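Student: Could we go through this protein together, step by step, with the sequence and the model in view?

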Amino acid sequence: MSNTATLEVNGQKHELPLVTGTENEVAIDVKALRGATGGVITIDPGYKNTGSCESGITFLDGEKGILRYRGYSIEDLAEKACFLEVAYLLIFGELPTKEQLDKFYADIKAKSVVDDDVRKIVDAFPKTAHPMGVLSSLTSALTAFNPSSVNVDSEEAMYNSVVKIMGKFPVLVAWTMRKQQGLPLDYGDSNLDYVENVLKMMFKKPNEEYVQNDIIVRALNKLLILHADHEQNCSTSTVRIVGSSHAGLFASLSAGISALWGPLHGGANQAVLEMLEAIKEDGGDTKKYMAKAKDKSDPFRLMGFGHRVYKNFDPRARIIKKAADEVLGDLGVEDPILDIAKGLEQEALTDDYFVQRKLYPNVDFYSGIIYRAMGIPVDMFTVMFALGRLPGWIAQWREMRLRKEPIGRPRQLYIGENLRPFKDIENR
Ligand code: ACO
């Protein structure tokens, strides 16, 4: 295969280098195009066809339904690893030895206390505030309490920021939920493992002994692993682009949390459950909602269906569907919402509209059902997604800094007014 692509612009031919990735994906390098053509750029709103970086973290093949972190299949990781091992793998590139994992967790625990003044910020939010807004604000506020985390010019400084946020973020997640529920804020128990501690911090009641449920711990481990990274999605691209200005890690993550909040991205897990509830309240008529989703004059979309890159199936959805069955079975939960979800899935998989557009259930179609069975409030679902995505965002931010990537600054095609004379206010 030739290692260049030829592009003809205004009768002049330009040879553009082809770049090949380790999985034989090919990209046309257009870096020099603008200079060579005297100003011609490429345009691709939504970046449907544009690679923003080279990355060695996550590989996904949307046609074949493949997802791998650092070369390991998502199926293996979800089955065999714990969340903290996967976090280490994503951030540092290799599965940790026992010693490396122990040290990583010890360093995280050593930095997990959140300044007590952050409580005052938590107190200032109304109980009705959306947890994603609260989480994004608290994550941003952490910079003020840890100013050294901004200047990360050495690997050591970077490591310190990483363990700080891995330790403090679960506390913020738990506080966000406890504030909403009027529960006292808690620091958990650093004798527990990472995921166990998250659950205890979230659910411990002041007047009851807390009893750990292993089914829930296993399920949360799996959910967090499935969400841990997904290459250059909206929130990850946001983290990388904010970080590319050399804003600190916490500020970059806060921006990523805001990006994740939207219903077309991480907010879909909340939207799915609200949609399933609405269908149940409306008598459970899935056909009616299928028709609405297909009606172009109706803005309704079947939430949890479709994905920008998975056009055959989302491998995470397969794992999570099985996990939902297991968790609900193990916990003895009978949830009519699950039957509605299964009914919708069956109809969509055989419906021409969905088949032709390659719209399949995505990871969020089933995650909300598991979160609900765990007792997590619906508007906390996207917060749980953020907790899972944290190591991915960190890994991508760290990679961007270590590769010394330039500041992210896209170009545009201007379609506004040409130069016109200024009009005095009385003449407008
Ligand atoms: N319900 C009904 N129709 C849909 C849906 C849906 N969920 N998703 C896409 N379509 C239709 C579109 O109307 C469009 O139809 P057209 O070609 O006749 O105009 C076609 O399928 C292609 O849709 P696009 O929006 O162009 O696809 P894109 O790749 O830009 O969007 C997205 C992907 C945003 C995920 C979309 O499928 C969607 O809105 N899904 C529902 C929200 C959701 O579940 N988001 C979670 C994504 S996963 C995650 O972030 C973890």
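Tutor: Helices (H or I, at least four residues) and strands (E, at least two) are DSSP runs that are numbered from the N terminus. This is a predicted model, in which local features need pLDDT of at least 70 and side-chain atom pairs count only at pLDDT 80 or more, while totals for chains, interfaces and linings use all residues. Residues are numbered from 1 along each chain as its sequence is written, and side-chain values use heavy atoms, with hydrogens and water left out.

Student: Which residue, with a positive phi, follows helix 17?

Tutor: Helix 17 covers residues 363-373. The residue in question has a phi near 90 degrees, and its name is Gly 375.

Student: Is helix 17 largely enclosed or left open by the rest of the structure?

Tutor: Buried means under 20% relative accessible area, exposed over 50%, and partly exposed in between (1.4 Å probe, protein chains only). The buried residues of helix 17, among them Phe 365 and Tyr 366, pack against helix 9 (214-226), helix 12 (268-281), helix 14 (315-331), helix 15 (336-349) and helix 18 (381-402), where contact means heavy atoms within 4.5 Å. Nine of the eleven residues of helix 17 are buried, so this helix is largely enclosed.

Student: At what angle do helix 6 and helix 18 pack?

Tutor: Two packed helices are described by the angle between their axes and the distance between the axes. Axes are lines fitted to C-alpha atoms, for helices over the stretch in contact, and angles run from 0 to 180 degrees between N-to-C directions. Pro 131, Met 132 and Leu 135 in helix 6 meet Thr 382, Val 383 and Ala 386 in helix 18. The axes of helix 6 and helix 18 lie 8 Å apart, and the angle is about 35 degrees.

Student: Which strands stand at the edges of the sheet?

Tutor: Two strands pair if DSSP finds at least two bridges between them, and three strands form an open, antiparallel sheet in the order 1-2-3. Each edge strand has a single partner strand, so one side is left without a neighbour in the sheet, and these edge strands are strand 1 (4-9) and strand 3 (26-28).
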